[in-house]
Every structure is written in C-alpha cells, then in structure tokens.
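Hi,

Here is the structure I promised to send over. Have a look first, and my notes follow below.

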Amino acid sequence: MNVVVNAAMSADGKLSSRRRDRVRISGPKDFARVDAIRADCDGVAVGIGTVLADDPHLTVEDPDLRAERRERGDPEHPARVVIDTRARTPTDARVLDDAAETHLLVGEDAPDDRRAALRDAGAHLVEAGTERVDLAAGLDELESEGIDRLLIEGGGELLFSAFTAGVVDDLSVYVGSLIIGGRDAPTLADGEGFVEAFPELTLADVERLDDGVVLSYAVEG
Ligand SMILES: NC(=O)C1=CN([C@@H]2O[C@H](COP(=O)(O)OP(=O)(O)OC[C@H]3O[C@@H](n4cnc5c(N)ncnc54)[C@H](O)[C@@H]3O)[C@@H](O)[C@H]2O)C=CC1
Ligand SMILES: Nc1nc(O)c(N)c(N[C@@H]2O[C@H](COP(=O)(O)O)[C@@H](O)[C@H]2O)n1
C-alpha cells in the first residue's frame, strides 16, 4: 500500500489548540490541494481523537474531482477509515453518513455492544491489535480489500504511530502563518517521540500557497 500523510500545522508545529478545537490553519487554496489528494486516494484515515474533536466528513468537495473519480470507475468518494481501538466512534458521526463507505480499525477487545451499534450504523469493522490498533496489520487488511493508496490526515498520535510503524511513503505539510503554542496542543507527531532512530525525510518540493507554504517530503526507509 502507498501511504501519504498530509496535515496543516502552525509555524510552531501545532495541529490544533490545547483545547483540541479545530483551528483554521490553511486557506482555500490549501483546502483545494487537500481535496485533490483525497480524490487521488482509495481511502482517507484519521484517528478517533480527530473524530471526537472535529467530527470530520473526509469526503471530496469538488464536483469535478468527484466526476473524474466516477469516470474512472471509482466510487465518488474514497473510503473513510477511523483508527478506533475501543470502537468509540459516535453512531451519528459524519464519517458514518451514507456519502461513502467507512472502515473502522478496532482492537480485538472492543466492546460487543459498540461493535454492534457501529455495524448497524453501516460501518465495516476490521480487527487489528489489542491495546492499540496494530497499524501495519490493519493497513494490510485494508489493502486486501482494495485500498491501495491511503491518505492519513492526523492527528498527532496517529501520525507518530504511522511513522513508528514505518508505513508512510510521502509527507506533505502546510505550514500556516500563525503561532498556536501550548505544550499540550497536538503536534505533527506526538506519541512518545523518537530518541534514537529518527525517521529521515528528503525534501521534494516547497510551494508558497495562501499565506503559508507547503513542504513535500519523501520518507526514507
Ligand atoms: N491540522 C490538521 O491538519 C489536523 C489536525 N488534527 C487535530 O488533531 C487533534 C487530534 O489528534 P490526537 O488527539 O492526537 O488524536 P488522533 O486523531 O491521532 O487519534 C489518536 C487516538 O487513536 C487511538 N489509536 C488506536 N490505535 C492507535 C495507534 N496505533 N496509534 C495512535 N493512536 C491510536 C487512540 O485512542 C488514540 O488516542 C484534533 O485537535 C484535530 O483537530 C487532526 C487531523 C488533521
Ligand atoms: N488541511 C487542513 N487545514 C486546516 O487548516 C485544518 N484545520 C485541517 N484540519 C483537518 O481537516 C479535516 C476536516 O475534514 P472535512 O473538511 O470535515 O472533510 C480533519 O481531519 C481536520 O482535523 N486540515
């Protein structure tokens, strides 16, 4: 599977504020850029922290991009994927509406009542791992179901795990012209942090967009 990460961060590296409410970091041109990446993928993934904080929809906005997907025989929107060990996704979350299919990667011990409720709400559940979702195993399962190219949008806990698991091929990050601050505000890669072997990046492109810049990297082995 080809995995791309895209996120928007402040100039001090934060994805949102310490209250975890959604901050508008990028502008309309960047949202259009992200829309095009979504349209080019088979799946768009976030962690349960992002679902609970932002209630994102994770669909393709631009009707022309949706038409192009239909013309090449793909569903109008990529599949939505939520990394959700305990199956906490609310049944009225926007990712569970009928705009697109939704896969929830859950832990083996996820409560049965939550699994049943989420299946009733139309989600497809994939079991991987126990205490936390085993990303490598979960993504392998998604690939076997036809998701060959996956966009991961965040948040910081999930992105750290994705780099730790070594599954990320490309990273693009929009750096907005603002400071958010706060030691408890999510950053591009949270988790425990790396102390010895740091994932290395090769800078592929720098683009000025809206009032910020997009940095594009290839992630080295
Ligand atoms: N600016 C941007 O581009 C974006 C910002 N965000 C922001 O990120 C924040 C949410 O980020 P986080 O709280 O870090 O939550 P997250 O969205 O990264 O989800 C993390 C949660 O997923 C679950 N999980 C299960 N298996 C896991 C695994 N293997 N690795 C990591 N997590 C696993 C855990 O419950 C964990 O707490 C929100 O404030 C949201 O607004 C989210 C996406 C994009
Ligand atoms: N690219 C980008 N720029 C910002 O300024 C942002 N605040 C975010 N946030 C993330 O965008 C996703 C929203 O999805 P929908 O528009 O609801 O489909 C979600 O993952 C946010 O955390 N992204």
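Let me start with the ligand site. The shell around ligand 1 splits into ten nonpolar, nine polar and six charged residues. Keep in mind that this is a predicted model. The shell has 25 residues, and Ala 8, Ser 16, Thr 50, Asp 54 and Ser 161 come nearest to the ligand. Strands E1 (2-9) and E6 (149-154) and helices H2 (48-54) and H6 (156-164) each provide at least two shell residues, with H2 giving the most, at five.

Nitrogen atoms of ligand 1 turn up in several contacts. One lies 2.7 Å from a backbone N or O atom of Ala 8, and a polar backbone atom of Val 133 is 2.9 Å from a nitrogen of the ligand. For Arg 132, a polar side-chain atom sits 3.5 Å from a ligand nitrogen. The protein covers 88% of the 860 Å² of accessible area that ligand 1 has on its own.

Arg 132 also has a salt bridge with Glu 157, with the closest N and O atoms 3.6 Å apart. That pair links distant parts of the chain, 25 residues apart: Glu 157 is in helix H6, while Arg 132 is in the loop between E5 and helix H5 (135-144). Glu 157 is partly exposed, at 37% relative accessible area.

The count comes to eleven salt bridges. Another one joins Glu 127 and Arg 115 at 2.9 Å, N to O. Here Arg 115 is buried, at 9%, whereas Glu 127 is partly exposed, at 46%.

Cheers

How values were computed
Residues are numbered from 1 along each chain as its sequence is written. Chains are lettered from A and ligands numbered from 1 in the order in which they are written. This is a predicted model: local features need pLDDT of at least 70, side-chain atom pairs count only at pLDDT 80 or more; totals for chains, interfaces and linings use all residues. Side-chain values use heavy atoms; hydrogens and water are left out. A residue is near a molecule or strand if one of its heavy atoms lies within 4 Å of it. A polar contact is a pair of N or O atoms within 3.5 Å; within protein, one must be able to donate a hydrogen and the other to accept it, and residues adjacent in sequence count only if both atoms are side-chain atoms. Accessible areas come from the Shrake-Rupley method with a 1.4 Å probe; for residues, only the protein chains shown count as cover. Helices (H or I, at least four residues) and strands (E, at least two) are DSSP runs, numbered from the N terminus. Ala, Val, Leu, Ile, Met, Phe, Trp, Tyr, Cys and Pro count as nonpolar, Asp, Glu, Lys and Arg as charged, and the others, Gly among them, as polar. A salt bridge is a side-chain nitrogen of Lys or Arg within 4 Å of a carboxyl oxygen of Asp or Glu. Buried means under 20% relative accessible area, exposed over 50%, partly exposed in between (1.4 Å probe, protein chains only).
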